[in-house]
Amino acid sequence: RRLTLGQGKADMALILAALLGVFISLVGVWFITSPFNAVQAFGIDPSHMADIALAPGLGVRDVALGLIIIGFALARKPGAAGTALLVTSMAPIGDFVIAGKAFGYAAAVRHLITLPFLLILGLILVRK
């Protein structure tokens, strides 16, 4: 079956999950291709990083997580896509805690931007 907008809440949630996966993957690509700029955009002063070369590693993580979400969404596997979204929610939480300890939690809050989307869509899809 083709994924269309008219096939119910699960299909809409799968479409939104795929779009979220694309966003996460694009952020990862940015960390790989322009780590200095990506780190700055996320509120971290690159001069404070022990090794800016670690940023592409975060990018690879984000690309992998995004592609997993996209793959399950395109395969029309709502339970698997939901589980992937819920597991992926650990990444922004971990990023927030790590950045918060280093630079203050107010500055690190931007790491939580994707968290509500991951949790809400994940819970919707796991229940389907």
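The model is predicted, so local features require pLDDT of at least 70 and side-chain atom pairs count only at pLDDT 80 or more, while totals for chains, interfaces and linings use all residues. Residues are numbered from 1 along each chain as its sequence is written, and side-chain values use heavy atoms, with hydrogens and water left out.

**Overall fold**

- The protein has seven helices and zero strands, where helices (H or I, at least four residues) and strands (E, at least two) are DSSP runs numbered from the N terminus.
- The order of elements from the N terminus is α-α-α-α-α-α-α.
- The C-alpha trace spans about 50 × 25 × 20 Å along its principal axes.
- Of the 128 residues, 39% are buried; buried means under 20% relative accessible area, exposed over 50%, and partly exposed in between, with a 1.4 Å probe and protein chains only.
- Among contacts (heavy atoms within 4.5 Å) with a separation of 6 or more, 63% are between residues 24 or more positions apart.

**Salt bridges**

- The model has three salt bridges, each defined as a side-chain nitrogen of Lys or Arg within 4 Å of a carboxyl oxygen of Asp or Glu.
- Arg76 and Asp11 form a salt bridge with an N to O distance of 2.8 Å.
- This pair links distant parts of the chain, 65 residues apart: Arg76 sits in the loop between helix 3 (55-74) and helix 4 (78-88), and Asp11 in helix 1 (residues 9-33).
- Asp11 is buried, at a relative accessible area of 3%.
- Asp62 and Arg61 form a salt bridge at 3.1 Å, N to O.
- Asp62 is buried at 10% relative accessible area, whereas Arg61 is partly exposed at 26%.
- Asp95 also forms a salt bridge with Arg61, with the closest N and O atoms 2.8 Å apart.
- Asp95 lies in helix 5 (residues 90-103) and Arg61 in helix 3, so this pair ties together parts 34 residues apart in sequence.
- Through shared partners, Arg61, Asp62 and Asp95 belong to one network of salt bridges.

**Nonpolar cores**

- The largest nonpolar core holds 14 residues, of which Leu20, Ile69, Leu85 and Leu125 touch the most other members.
- A nonpolar core here is a set of buried Ala, Val, Leu, Ile, Met, Phe, Trp, Tyr and Cys residues joined through side-chain atoms within 4.5 Å.
- Helix 1, helix 3, helix 4 and helix 7 (115-126) each give two or more residues to this core, and helix 1 gives the most, with six.
- Leaving aside residues up to four places away in sequence, Leu125 touches Ala10, Ala13, Leu14, Ala17, Pro78, Gly79, Ala81, Gly82 and Leu85.
- Another core, of seven residues, lies apart from the largest one and includes Val27, Val39, Phe42 and Ile44.

**Packing of helix 4 and helix 7**

- Helix 4 and helix 7 pack at about 150 degrees with axes 7 Å apart; axes are lines fitted to C-alpha atoms, for helices over the stretch in contact, and angles run from 0 to 180 degrees between N-to-C directions.
- Helix 4 is therefore roughly antiparallel to helix 7, a term for angles over 145 degrees, with under 35 counted as roughly parallel, 65 to 115 as roughly perpendicular and the rest as oblique.
- Their crossing is left-handed, which means that the near helix is turned anticlockwise from the far one by less than a right angle.
- Residues of helix 4 in this packing include Pro78, Gly82 and Leu85, and those of helix 7 include Leu118, Gly122 and Leu125.
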